[in-house]
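Subject: Handover of a structure and the findings on it

Dear colleague,

Please find below the structure that I am handing over to you. My findings follow it, arranged by topic.

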Amino acid sequence: MALIEKKNRINSPVKKTASLQNDWHIRQLAAIVQSSGDAIFTESIDGIIMSWNNSSEKLFGYSAEEAIGQHVSLIIPPECINESQRILERISQNESVESYEPLRRKKGGERLFVSITVSGLVDEERNIIGFSEIVRDITARRNSETVNSKELVFQKGEKKKRADELVIANKELAFQNEQKEKRSGELIIANKELAFQNSEKEKRAAEFIITNEEFASSNKEKEKRASELVLANKELETQNKEEFERATQLELVNKELESFSYSVSHDLRAPLRAIHGYARMLKELKEGQQDFEANRLMDNIIINSKKMGQLIDDLLTFSRLGRKELVRINISMNDMVTAICEELKFSQPAREIKFHIRPMVSVKADNVAMKQVWLNLISNSIKYSMFKKKTFIEIGSEEKENEIIYYVKDNGAGFDMRFVNKLFGIFQRLHTDEEFEGTGVGLAIVQRIIFKHGGRVWATGEVGEGATFYFALNKS
Amino acid sequence: MKEGIEILLVEDSASDAEMTIKALKKNNLANKLLHLKDGSAALDFIFAEGTYAGRNVEDKPRVILLDLKMPKVNGIEVLERIRMDARTRTIPVVMLTSSKEDPDILRCYELGANSYVIKPVEFDEFQKAISNLGLFWMIVNQTLH
């Protein structure tokens, strides 16, 4: 409470003659200063501390005894000395400085934030003789402010960071949005596509349903058809067999035709060449030669022209056989053969011919064709046995399981079995015209007719002992 | 009489044989000619068998005129036999036929026929053809011996 004045250090004049009232006033002021919560001290114009209240002791840690008489820089940090000096100068020039918040130093060096109100002390002539400073500790406030501001700075930083992040995030979002828009565009297209596909599928499904129904009905149809096909296959099988048979027959016919056409040109030229040749020789005959030689040449011309006529007839018969359809009727072979034999016997009155016709099995065949077969075979037997005194011809049949074999057996010239495969070939002959006349067509005709009936022909023989010709016809 | 046969004519047609011999006679080529009427007889002669057993196979004709189409054994079969036997392989064989369409022509050459003559229907042509072939084979050609 005591305001200590070091009179020797303060230049300010204190009036010894202060009235009681003044004295009271001073004591009162001193008590207020001494008990003030703020640190209040005074300093001389040159900065020497003149007074130091209790709160100053508390605030700065220096006692009044330690502080009074010391330069005010005792409590001013070196970095703040200039600022403090400037403030005091401003006040000295009557500028008013309400308050400022500089840093101050405590005993031990600890820094304090303070708020200082400075006012000048004047003498009676109003000269500045010193300063009073009222100092309040604002460290707590400043710290909290600092903390707050730090917090704020931090928060600001954070916000900035977040803002930056948000910018990035926004950009990201924008990009994502773009992407999404793109995707959604794509998805729209895809959806349309899917929608279209779905409608297609529905359409197809509907079609499938219809098709399935059709299938179901067509399956029934197919079953029906399958059984029909089984039947048809069986038919085809038999038809195939028949066709195969026909094919082999056709092959035979073709072979025949081939050799036929070559043979025709060959065999028709031969008698023609002879006629031409003999006629020329006849013309070239000299006087006196005519009787005998002329007769011979003319005979040859007649023979060859007859032969040519016969060839043409036989060829016509042979080719007609190929075209004519068979008409199968039931034929009594015995009746047919008997009639032919009588006819042939009648045409050869000079010959002694004995026929032995055995009872034969009847058959279904073409009447005209079968007559031709018998005629050719029996007349062959008569021809090739012409040099025998008595001609004996046996005709008969033999019934087998599937076929009936007919035969004509003679006691004529016979043939060498080495050449048996040539017997039935067209224009093929085993004898010369001088031995036995012939065109080589007769047996070819027989073979052709029997083949057409689905039968077969063959022969056996021995030179000088006779021959037997066979043909077989199917029972059906 | 028929020793040292120079021409063997194998021909079944009497008229063709007569005209062939007539043409060869005109050129004095028919003196040592033998006419046989089928292939079977021809083989017997060539290989000294049957009726001709005892004949010397090496006593070969200078040329064989062989008709293609004959009863029993035809010209091709005769040719085949001749060419298969080493003793007769080199005898010249001329094939005679009536038709140029004969399917056996190629076969004849395959079997080694020396030539192939189509007998013309025209008498003069026939005489010319036979004369030419006779002259060629009997006079011009040198037979291997």
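Predicted model: local features only at pLDDT ≥ 70, side-chain atom pairs only at ≥ 80, totals over all residues.

**Charges over rings in chain B**

In chain B, the charged end of Arg55(B) is placed over the ring of Phe45(B), at 3.8 Å from the ring centre.

Chain B has a mean pLDDT of 87, with 94% of its residues at 70 or more. Among its elements, strand S1 (residues 7–10) of chain B has the highest mean pLDDT, at 95, whereas helix H4 (residues 105–110) of chain B has the lowest, at 86.

Helix H5 of chain B covers residues 123–140, which makes 18 residues. From its first C-alpha to its last, this helix reaches 25 Å, close to the 26 Å expected at 1.5 Å a residue. Its buried residues include Phe123(B), Phe126(B), Gln127(B), Ile130(B), Leu133(B), Gly134(B) and Trp137(B).

**Loop residues of chain B**

Asn28(B) has a positive phi, near 55 degrees, although the residue is not a glycine. Asn28(B) is found in the loop between helix H1 (14–26) and strand S2 (33–36) of chain B, and its relative accessibility of 61% means that Asn28(B) counts as exposed. Lys72(B), also a residue other than glycine, has a positive phi near 55 degrees; Lys72(B) belongs to the loop between strand S3 (63–67) and H3 of chain B. For context, most residues other than glycine have a negative phi.

Arg89(B) is placed in the loop between helix H3 (75–84) and strand S4 (93–97) of chain B. With a relative accessibility of 44%, Arg89(B) counts as partly exposed.

**Aromatic pairs and domains of chain A**

Over all chains, the structure holds 14 aromatic pairs. In one of them, the ring centres of Trp374(A) and Phe471(A) are 5.1 Å apart and the planes stand at 70 degrees, so the pair is edge-to-face. Because Trp374(A) lies in helix H8 (residues 367–384) of chain A and Phe471(A) in strand S12 (residues 466–474) of chain A, the pair ties together parts that are 97 residues apart in sequence. Both Trp374(A) and Phe471(A) are buried.

Phe424(A) and Phe469(A) also form an edge-to-face pair, with 6.1 Å from centre to centre and 80 degrees between the planes. This pair links distant parts of the chain, 45 residues apart: Phe424(A) is in the loop between strand S10 (403–410) and helix H9 (442–452) of chain A, and Phe469(A) is in strand S12 of chain A. Phe424(A) and Phe469(A) are both buried. Elsewhere, Phe41(A), Trp52(A) and Phe60(A) form one aromatic cluster.

Thr391(A) lies in strand S9 (residues 391–399) of chain A and counts as buried, at 2% relative accessibility. A polar atom of its side chain lies 3.4 Å from the backbone oxygen of Ser385(A).

Finally, the domain assignment of chain A gives domain 1 (20–137) and domain 2 (324–476). The C-alpha centres of these two domains of chain A are 176 Å apart.

With kind regards

Conventions:
Residues numbered from 1 in each chain as written. Chains lettered and ligands numbered in written order. Heavy atoms only, no water. pLDDT = per-residue confidence, 0-100. Helix = DSSP H or I, 4+ residues; strand = E, 2+ residues; numbered from the N terminus. Expected span 1.5 Å × (residues − 1). Buried < 20%, exposed > 50% of the residue type's maximum accessible area, 1.4 Å probe, protein only. Phe/Tyr/Trp six-rings, centres within 6.5 Å; stacked < 30°, edge-to-face > 60°. Lys NZ or Arg CZ within 6 Å of the ring centre and 35° of its normal. Domains from an automatic or database assignment. Polar contact = N/O pair within 3.5 Å; in protein donor to acceptor, adjacent residues only side chain to side chain.
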